[in-house]
Amino acid sequence: SALIVLQVILRYVFHAPLFGIEEAEIFPILWIYSFGGCLSSFENTHIECGVAGVIVKNPTAIKIIERIKYIITFGLSLYACYMLYPHFTYILKVRKTTVSMGLPTLFCDGAILIGLIIMSFMALRDLVNDIVPDKKTEEGGIE
């Protein structure tokens, strides 16, 4: 945020933009965004619209819809990792850098890939937790 504010002040107040700041700010932005998604996956605090609970009233049907949601989420996260991996290996192979500052883009693309891998594990955890019943809940313990 500080880099963006600095760039706005320099560009529009002093009419002297700072060279390459757009490239420098993308690195922390992608890491924060990726790990924000990981934290959301870890805490299971995704933004959901919850339409199924409004339309469907049968608890068994809602449970099936939830399980389908977990399966689709896990499948899509694996697919995203699968699609990003060749790009990441290409970045490693050619040692791609940013245009003006020559910063290695490995750090940007790595943030996205690492974040997706972590989110895939969290999606798998949610799917397993949905499939494997909790013994405390079955025995009448605290949920």
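Hi everyone. Helices here are DSSP runs of H or I with at least four residues, numbered from the N terminus. This is a predicted model, where local features need pLDDT of at least 70, side-chain atom pairs count only at pLDDT 80 or more, and totals for chains, interfaces and linings use all residues. Residues are numbered from 1 along each chain as its sequence is written, and side-chain values use heavy atoms, without hydrogens and water.

Let's start with helix α2, which spans 21-43. Together with α5 (106-131), α2 supplies lining to the largest pocket, at least two residues from each helix. A pocket is an open set of points on a 1 Å grid over the protein atoms alone, where a 1.4 Å probe fits, with protein on both sides within 12 Å along at least five of seven lines; lining residues have an atom within 4 Å of a point. Among the lining residues are Tyr33, Ile112 and Met119.

Beyond neighbours within four places in sequence, glutamate 23 is in contact (heavy atoms within 4.5 Å) with residues including Thr98, Met101 and Leu103.

Finally, two loop residues. Asparagine 44 lies between α2 and α3 (51-55), and its phi is positive, near 55 degrees. Arginine 95, in the loop between α4 (59-94) and α5, also has a positive phi of about 55 degrees. Arginine 95 counts as exposed (over 50%) because its relative accessibility is 71%. Thanks, all!

How values were computed: Buried means under 20% relative accessible area, exposed over 50%, partly exposed in between (1.4 Å probe, protein chains only).
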